[in-house]
Every structure is written in structure tokens, then in C-alpha cells.
Amino acid sequence: MSPEVEENNKGEISLSQLEGGNLSEEESGGSAHPLVPVPGAGAGCGEGGGAGPPQNQDEPAAGPGTVSAPERETWTRQMDFIMSCVGFAVGLGNVWRFPYLCYKNGGGVFLIPYLLIVFIGGIPVFFLEISLGQFMKQGGVSAWNIAPLFKGLGLASMVIVFFCNTYYIMILVWGLYYFFHSFTKTLPWATCGHPWNTPNCTQDFRRSCHNRSAVQPVLPSPSADPTTPSNLLSSTSLFNLSSAKLFPNGSCMEPEGMRSTVIEFWEHKVLHLSGGLHEPGDINYEMVLCLMVTWVIVYFCMWKGVKSTGKVVYFTALFPYVVLVILLIHGVSLPGALDGIVYYLKPDWSKLGEAQVWIDAGTQIFFSYAIGLGALTALGSYNRFHNNCYQDAFLLAIINSGTSFFAGFVVFSVLGFMAAEQDVDISKVAESGPGLAFIAYPKAVTLMPWAPFWAALFFFMLFILGLDSQFVGVEGLITGIIDMLPPKSVLASLRREVIAAICCVICFLIDMSMITEGGMYVFQLFDYYSASGITLLWQAFWECVVIAWVYGADRFMDDVARMIGYQPLPYMKWCWSYITPLVCVGVFLFHVVNYKRLTYNTVYTYPLWGEALGWGLALSSMLCIPVTVIYKLLRCKGSLRERWQHLTTPVWGRHHLEYLAPESEAKLLPPAGAKGTLHFESVI
């Protein structure tokens, strides 16, 4: 028999090669999705093997010529997929977070917990997500038709990636703003005397420290409120300017009340920073223009789907490596660079006994591998069915972690030079996150010859490095949305380009709250809660549990073997079943137990209503999973066992008919003598 669905004269459906499960028409090629009820199951519900509305008798019966749905779009070359994953997963965190964590947590010793958790946590979940997408040929939501009861996993990933797409682009906007301001003879953050500078501005800390009588420091009075704008901006910064640092050799750094030119440019010119979340202030119209330009670039990078994304990523994924090599060559030629690299790698074996080191390693891996966002599943869904995704997972893990390690040499060669120029210990200049990109590195650039050139090169690399992570993330979101849309709905009739434009405009409008004077506080709220370690670990835990214990780890390993032609190492199954969930639970509980209230620069503490907003962002994704499970169980009919059987029965796509075992046909055929009824199931 042909591996297609054939309809007999009684209207029955028979499947010649289909394992236990239901049949779902792939993508949105039709308005309904034929299902075959599991024999002996009498309960009906909207998912899994339950009964749906009967076929409309006025409509023509589906014949062999109408069975096959339009094939899903695939990558032009397999290298397009590799480059897209590299572009998405390798981002700013690899450059500005890993090197600092390595230095802080024992230098080279940090690689031990890092590599261990890569193999027991990062690679298994990374492989699970791309193989699930490739196997189901669906985006981040519909891929969980493999266990429809837990489709909330897909919804949760869509919520997380939506939040990420909304706030992550602000880093690109700031980078673009710095890039435009780099085309000057003298960098604007290198000198005082600009409209945004205060009387306490200084560009030479050592000189101002030796001649402190020339400047009257502004210190907060004991009765002053430290959260007011004047005290927030004058007494404290990312570099802790509230106290002078004197060293034995007579050098001085950050004298009392003085303000670095770099920090004043960042806080007064770029951010227009207000006193807190309760003071949104005015919109920065220069930032509006940068935000608009960035979203337009993102849109045209992915508006045509994988055909356009697969071409753009060759530049956006590879160009940052070229710039990193150039910056490394330049960095190691600077005085003090070797000392910086030694600080980066110098092993401190005592750190292995600290729990925080292991937690930092686990959190960094889940962040940098882009796990739990659904975008990897969407990218994998465009692979050819027999692509070797197992090999791809290991290759991409090597590229991701290798980039993080390599970036450390670039960062710390420059920080070593900066420490030598200022005659201070490197611990005084080592920063991570935005503090490195927009404070430490711009400050170091001002000390170099040809400063505008190196500044423009760095910020252009920063923009490109984040750009592919941004537009591939938006691509994952749009793929999930399109796969969810009911085929006959108004939105489903829209062209992909229109849906992409709608998503970009919505995100742009939300971003307007982040380019006000209080925008930095909104940005940090999104960053700290919406895509935090807690939400990603929660997501990764349930992904492993559902595949290993609901669908079946052995069953999924067999499915992978059908795709790639051989069985993966059994360690993958052990990780999905036991090791990775335990790692996720351990790190998750550590985060919960050690939770601290959100602050900005250790001075401004967010109000309770601000924290409530943050937890609302976090719970909006985390609650998708239990709420969806409860809703589906209550909506379904029958005993609890029958409901579970229905809702955990996979909904297969058409492409599965080509290879699944013919001996499973008997499990799906209607009982002998039963009236054949063709049932339907929508994608969602």
C-alpha cells in the first residue's frame, strides 16, 4: 500500500505506516486534520486521540490527490542552518559575560564545571530542541503535538522569546548610537565640557586626585535620600565613584564626587537616566530614530523566512569573528595585555569548592546556548528530515563555547592595558554585561591611538553580533505564530511579510517605554525577570521530563535514529531522564533560595510594585505549562486514565507516514464492524 492516507467507501481512514498516534495535516495546508481514534478509547477531547467534529457531508471526500499538504520550507543548504544557529546562540553573552565569569570564578579552573555542565546540560537540551523541531516539522508551539497535553511548553517558549525580542534589541540600539558617535575626531565620551557633563566631570583621575583642592567634591548629606536623582547620579555609578581608591604607589582612581566622562556620557547623554522606575520622564528622540532603524534592519533580515535569513547570517555570524581576531591582534600588542590574559586564566583551585561557581557555570550555559526559547526548535523544523542533527548539535556546542573562551582573550587583553594605563589592579576595571560594553571598553578605547577607528569597529561588531540573535529570535517567534494560526482565520490568510511586520511594530511600541528617562529601569526589569535563569531552567526541566517520561526517552531515541540513520550515544537518554532535570532543579532552587531584590547600581532598589511587575513577567511564561495541563484535563471527558491516554497521544504530521513501522497499523484502524468516521483536529 502507498504510504499515504486512503479513504475507503465507508469513509474510513487506514494508515499503512504509522505508529500509535494521530495524524495531523502538516503546517496550514488545509482547514482540518484527519485523525484516527485509538481503539477502545471512548472519551472525547480537543487534543490527542479524542473525537472532533464529524466531516461535513457537503464537502467532497478527501481523495489521494488531496492528501499531501504543501511541503514545509527547508534550508537551501545545510550550512544555512548551521550559520543561523551560530548567529542566534553566539551573541553578546559570549563576549561580555563568560570572560568575566571565568576571571571571577577561578580562571582556568572555571572551565572544569563549565565543560562538565555543557556535556550533561547544555548539549542534551540543545540537541533535544533542534531534533524535536526536525522530527515534528513544526515551530516552537506545534512541535509539542508530540505530547499535546504539554503544549503549554510551546506557549511558554513563545512568551519568553517575545520578551527577549522586545528588550534585547535595546542593546543593539545603544551600540548603534555609540557607533554613530564614533565618527568624530575626538570621541564625545573622552572629554568634558559637553552639555551633558556636570561640574564634577573629570577625564584624568590621577591628576584630579593629586590636585584635589581644585575640585570641590559633591557628597550626599547623611539626611539625603540616596534614591533621589541628584544623589543617584553624583555619588554612585557602575564604577562605585562614591569613595576614593588610594594605592601604595601613589596612584588614585575614582576620587570622591568625581565623575568619569564615559559614565556621564552613558547616563546623561545616552540614557538620560531619571531617579527611578516611578519617573519615566521624556522620550529620547535620538534613540527613537536608532530604534526605528534597528527594527527596519531586523525586519528586512527575516521578512522572507528562511530563504532570506539563511543568506544574511553568513555575514552577521562570520563578521564578528573577523573583528574579534583584529581586536585580539591589536589588544595583545598593547602594554599590559599579557597581565590581563594571565588574570583571565590564572587558576584558583579553591574556587571549585564554592557552590556559586557551579551555579554561574550552569546559568551561563543555559543563557548562551539559547535554550528554552523555542527558536532552536523553529530553526530545526526547516531541516530536511534525514539531516544529521546529532552531529550538528556537537559542532554548534564547540563553536559556541569556543567563541566564549576566545572572546576572553580579546576582552582581558584590553582590560589589562586599561589597568596598566591607570596604574590600578585589573579587578578595578573588570566588568561584565553592559558595564563592559558601554563603560569599560569605551574608556579603554579613549586611551588608544586612533581611538575613533577602534571605537567604530568595536560597536559595529557589537551591533552585528546582536543583530543575528535578534532577527533569528524574531524568526522563531513568527514561525511559532504561523504554525498556531487556524487555517481559515483572517490572520492565516495574511502573507508572512505582513505578520512579521505586525510583530515588529508591536515590539517597537513596547520598546518606546525603554527609551524614556526611566527606560533603563524598565529594561533591567525585563532582563532580570522575563528571560531570567529561573524561567529558562523551568522550561528546560519540563522539556526533558516530557520527552523522557511522557513520550518516552527510548521512543524518542528511536525516532532520532530514523532521522540520522543510527542510535545516538545512550548518555543522551540518561541526561534527559535523570541528570539534566536534576541539574535544572538544583540551579533553580539555588536561584530561588538566594533571591535578592532587584537594584540598579546597588543604590536604587526597585519598589514593591516594580518587583510585582517583574514577577508578572516571569510567571506569564512559567504558568503556561501547569495552566495548560489543568485546562486540557478538565476540558476532556472520560476517566483520568482515559484523558491522559488521549492527551498524551502524539498528533503526527504527513511526513511521518514515510517511515513509521507498518506493524503499528493495527493499533490505529477502527475496530472491525465499526462505522468509519473521519475526524478532524485543528493545529491548536
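The largest nonpolar core holds 200 residues; such a core is a set of buried Ala, Val, Leu, Ile, Met, Phe, Trp, Tyr and Cys residues joined through side-chain atoms within 4.5 Å. Here buried stands for under 20% relative accessible area, with exposed over 50% and partly exposed in between (1.4 Å probe, protein chains only). I146, W174, W266, L415 and F438 have the most contacts inside this core. Helix α5, residues 152-180, gives the most to the core, with 19 residues; helices (H or I, at least four residues) and strands (E, at least two) are DSSP runs numbered from the N terminus.

A word on what you are looking at: this is a predicted model, in which local features need pLDDT of at least 70 and side-chain atom pairs count only at pLDDT 80 or more, while totals for chains, interfaces and linings use all residues. Residues are numbered from 1 along each chain as its sequence is written, and side-chain values use heavy atoms, leaving out hydrogens and water.

Let's start with I146. Setting aside residues up to four places away in sequence, I146 touches L132, F135, M136, I547, Y551, F556, T648 and P650, where contact means heavy atoms within 4.5 Å. Across the protein chain, 82% of contacts between residues at least 6 apart in sequence join residues at least 24 apart.

Now turn to D468 in helix α16, residues 451-484. D468 is buried but has no salt bridge, meaning a side-chain nitrogen of Lys or Arg within 4 Å of a carboxyl oxygen of Asp or Glu. Beyond its neighbours within four places in sequence, D468 contacts G87, F88, V90, T316 and A317.

Stepping back, the protein chain has 23 helices and 12 strands, and 59% of its 684 residues are buried.

How values were computed:
Lys and Arg count as positive and Asp and Glu as negative; His and the chain ends are not counted.
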